[in-house]
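I opened my notebook today to look up a few things in one protein model. Here is what I wrote down, entry by entry.

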Amino acid sequence: MVTVKLYGMPYSTCTKRVYTTAQELDDVKVDIVPVDLASGAHKDPAYIDNYHPFGIIPVLEDEDGTKIYESRAISRYLVAKYGKGSPLLPDSSDIKAYGQFEQAASIEYSSFDPPASSLAFEKVFGPGRGLKTNEELVKKYIDTLNAKVEGYERILSKQKYLAGNTFTLADLFHLPYGAMVNDLDPSILSSKPHVKKWWDDISSRESWKAAQNIQL
């Protein structure tokens, strides 16, 4: 069992993404090192200089001192190092599986995350900072997500998961903002039968349940 440090906060979507990945692996324990965003700890010069050049979270510090930032990169790193052979991240030697995985991961990053994270900001994060919700933008992001779900339905009507018939990081990457979208407007992920089945499947994984109860 290895123990890695994860600089972040339990409520952070990106912290949850990494924590969920670690929970999918048998031999990785994560110790959360709190970075208090409210007090501006992430903007402290020492943090920016030593951990994240853009002053955000999360950051992984491995047992050997290696530091990796950006939640998707951290997740890939953890699986590549501690989950060799795991279907979460197909080996690049299997060109077809690797290409299908990268395609699916790109879909999450370019098609789902932008409107999902923007909706979360308008409805949750912005108001939490005292900003007023822009309902026109909310409608725009919901309309965009509904349009994207059409494409997801076409994919998932032919296979169980986004990269094929095996659960991968490409599916897992959706969980943090997918959960927020589902809370804000459940119809988005439930209006299409194959998307609903996929979402119910991935959101019921024990790894994701554990990420809802991260202990400091």
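**Entry 1: two helices.** I started with α1 and α7, which are oblique to each other because their axes cross at roughly 125 degrees, and angles from 65 to 115 would have counted as roughly perpendicular, with those over 145 roughly antiparallel. This is a predicted model, so I keep that in mind for every entry. The two axes come within 8 Å, and helix α7 covers residues 175-184.

Next I looked up who makes the contact. From α1 I noted T13, R17 and T20, and from α7 I noted L175, P176, Y177 and M180. Sorted by type, the residues of this contact are four nonpolar, two polar and one charged.

**Entry 2: the domains.** I then looked at how the chain is divided. I found domain 1 at residues 2-86 and domain 2 at residues 95-209. Taken over C-alpha atoms, the centres of domain 1 and domain 2 are 22 Å apart. I also looked up their contact: 11 residues of domain 1 touch 18 residues of domain 2.

**Entry 3: the largest pocket.** How much space lies in the largest pocket? I wrote down about 730 Å³. The lining has 22 residues, and the closest to the pocket centre are S12, T13, F125, R129 and Y177.

The largest share, six residues, comes from α4. I counted up the types too: 11 nonpolar, six polar and five charged. Each of domain 1 and domain 2 gives at least three residues to the lining of this pocket.

Entry 4: Rolling a probe the size of a water molecule over the atoms shows where empty space is left. With that in mind, I looked for cavities of 30 Å³ or more and found one. About 40 Å³ of space lies in the largest cavity.

Its lining is made by F112, L145, K148, V149, Y152, H174, L189 and W198. Which helix gives the most to the lining of the largest cavity? My note says helix α5, residues 135-156, with four residues. By type, the cavity lining divides into six nonpolar residues, one polar and one charged.

Definitions and conventions: Residues are numbered from 1 along each chain as its sequence is written. This is a predicted model: local features need pLDDT of at least 70, side-chain atom pairs count only at pLDDT 80 or more; totals for chains, interfaces and linings use all residues. Side-chain values use heavy atoms; hydrogens and water are left out. On a 1 Å grid over the protein atoms alone, a cavity is a set of points where a 1.4 Å probe fits but cannot get out, and a pocket is an open set with protein on both sides within 12 Å along at least five of seven lines; lining residues have an atom within 4 Å of a point. Grid points are joined across faces, edges and corners, and a volume is the space filled by probe spheres set on the points. Ala, Val, Leu, Ile, Met, Phe, Trp, Tyr, Cys and Pro count as nonpolar, Asp, Glu, Lys and Arg as charged, and the others, Gly among them, as polar. Domain bounds come from an automatic or database domain assignment. Axes are lines fitted to C-alpha atoms, for helices over the stretch in contact, and angles run from 0 to 180 degrees between N-to-C directions. Angles under 35 degrees count as roughly parallel, over 145 as roughly antiparallel, 65 to 115 as roughly perpendicular and the rest as oblique. Contact means heavy atoms within 4.5 Å.
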